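Me: Please take a close look at one part of this structure for me, starting from the ligand. I would like a connected account of what lies around it and what follows from there.

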Amino acid sequence: MPAPSQTHLVLIPSYNSGPKLESTVHQALAAWSPVWVVIDGSTDGSDHFLDTLANQSPADLRVLRQTPNSGKGSAVLHGLRHAVAENFTHILTMDADGQHDPQSIAAFMTTSAQNPTALILGAPQFDHSAPSERLFGHHIANFFARLETLGSNLGDCLFGFRVYPAHALLSVLDSTRYARHYDFDPESAIRLVWRGHPVINLPTPCRYFTPSEGGVSHFRYLRDNLLLIGMYARLLIGFFLRLPLLILRRLNTK
Ligand SMILES: Nc1nc2c(ncn2[C@@H]2O[C@H](COP(=O)(O)OP(=O)(O)OP(=O)(O)O)[C@@H](O)[C@H]2O)c(=O)[nH]1
Ligand SMILES: [Mg+2]
C-alpha cells in the first residue's frame with residue numbers, strides 16, 4: 001500500500017453498490033492512500049466488510065456514513081467537508097460500481113499535484129460493454145456543457161472519475177442547493193469552469209458490468225434525464241449572466 005498522502009485523497013460515494021464495492025475499495029487501496037468511502041444510506045449490506053477493513057488500517061481507509069440516502073452529490077459533499085476540515089487540498093472521486101479504473105489514480109493525482117488549480121477530468125475510453133443509449137446521453141450532455149461554458153475544453157461532463165481542488169469544489173457546492181444528485185458531475189464541472197479553473201482531460205478506461213457480473217446502476221432514464229435537462233435549463237441563466245466574462249476570457253486566451 002502506498003504511504004498516506006497528506007493532500008490528495010480518494011473519495012468513493014456508494015449507494016447500494018452491490019458486490020463490486022469490495023473489489024473497488026481493495027483496488028483503490030492498492031493504488032492510493034488514504035481512501036475514504038461515503039456510504040449514502042445503503043441498505044443492501046454491500047458495506048458490511050468495510051468497518052473491519054478500516055479498523056485494520058485506519059490511516060489508509062475511512063468509512064463515513066450518511067442516512068437517509070441523499071444522492072451522489074450529497075455523498076461527495078459529506079466527504080468533502082471532512083476532507084477540507086482535515087486540510088486535504090484535493091479529492092479524486094470515483095464510482096463504487098467497478099466502472100472506473102483504480103490503476104489510473106496515480107497518474108491523475110500526479111497531474112493534479114502539478115496543476116493544483118485544475119480540474120482533472122477523466123476522458124472515458126468506453127469499450128463494447130457501454131450501452132449505446134448511455135453513450136448517446138454523454139454526447140448530448142457534453143454538447144450542452146460546452147455550450148454553457150462557451151466552447152471550453154470540458155471533455156466528458158458526466159464521467160465521475162476526476163480530481164477536484166477541494167476548497168473550490170466546496171465553495172461551488174455551498175453556492176447552490178442543487179448538484180446533490182446525478183446533476184453533481186456536470187454542474188460542478190461547469191461551475192468550476194465559470195470560475196476560471198483550467199480543465200485537463202486524461203484518458204482512462206470505463207467498463208460497464210452486467211447484473212450477472214455484479215454491475216449495479218441507479219441511473220433511471222426518465223427521472224435522471226429530466227433532472228439533467230432541468231439542470232441545463234437552470235444553468236442557462238447563469239451562463240447568460242457570465243457571458244461577457246466568458247467572452248473576455250476567451251479573447252484573452254487567443
Ligand atoms: N445513483 C446514485 N448513486 C449514488 C448515490 N449515492 C451515492 N452514489 C454513488 O455514485 C456513483 C454513481 O452512481 P451510478 O448509479 O453508478 O451512476 P453512473 O455511473 O453515472 O451511471 P451508469 O453509467 O448507469 O453506471 C456510484 O458510486 C454510486 O454508488 C445515490 O443516491 N444515487
Ligand atoms: Mg455507474
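Reply: Around ligand 1 there are 18 residues, and those that come nearest are Tyr 15, Asp 40, Ala 96, Ser 217 and His 218. The elements giving two or more residues to this shell are β1 (8-14) and α3 (72-85). By class, the shell consists of eight polar, five nonpolar and five charged residues. Keep in mind that this is a predicted model.

Asn 16 sits in the loop between β1 and α1. Its phi is positive, about 45°, although Asn 16 is not a glycine. Asn 16 counts as partly exposed because 19 other C-beta atoms lie within 10 Å, and a buried residue needs 20 or more. The loop between α1 (20-31) and β2 (35-40) holds Pro 34, which is joined to Ser 33 by a cis peptide bond with omega about 0°.

On the α3 side, Pro 68 lies in the loop between β3 (61-66) and α3. The bond from Thr 67 to Pro 68 is also cis, and its omega is near -5°. The loop between α3 and β4 (90-93) contains Asn 87. Asn 87 is another non-glycine with a positive phi, about 70°. With 9 C-beta neighbours inside 10 Å, Asn 87 is exposed.

Next, the helix packing. Helix α7 (residues 184-194) and helix α8 (residues 221-253) have axes 11 Å apart, at an angle of about 5°, so α7 is roughly parallel to α8. On the α7 side the contact uses Pro 186, Glu 187, Ile 190 and Trp 194; on the α8 side it uses Leu 228, Met 231, Leu 235, Gly 238 and Arg 242. Six of these residues are nonpolar, two charged and one polar.

Within α7, Pro 186 is buried because it has 24 C-beta neighbours inside 10 Å. Beyond four places in sequence, it touches Ala 141, Ala 145, Cys 157, Leu 158, Leu 228 and Met 231. Pro 186 and Met 231 are 45 residues apart in sequence, with their C-alpha atoms 8.8 Å apart.

Helix α6 (residues 166-174) also packs on α7, at about 110° with axes 10 Å apart, so these two helices are roughly perpendicular. Here Ala 168, Leu 169, Val 172 and Leu 173 of α6 meet Ser 188, Arg 191 and Leu 192 of α7. The residues of this contact are five nonpolar, one polar and one charged.

Terms used:
Residues numbered from 1 in each chain as written. Chains lettered and ligands numbered in written order. Predicted model: local features only at pLDDT ≥ 70, side-chain atom pairs only at ≥ 80, totals over all residues. Axes fitted to C-alpha atoms, helices over the stretch in contact; angles between N-to-C directions. Helix = DSSP H or I, 4+ residues; strand = E, 2+ residues; numbered from the N terminus. Parallel < 35°, antiparallel > 145°, perpendicular 65-115°, else oblique. Contact = placed C-beta atoms within 7 Å. Nonpolar A, V, L, I, M, F, W, Y, C, P; charged D, E, K, R; others polar. Near = placed C-beta within 6 Å. Buried ≥ 20, exposed ≤ 12 C-beta atoms within 10 Å, placed from the backbone.
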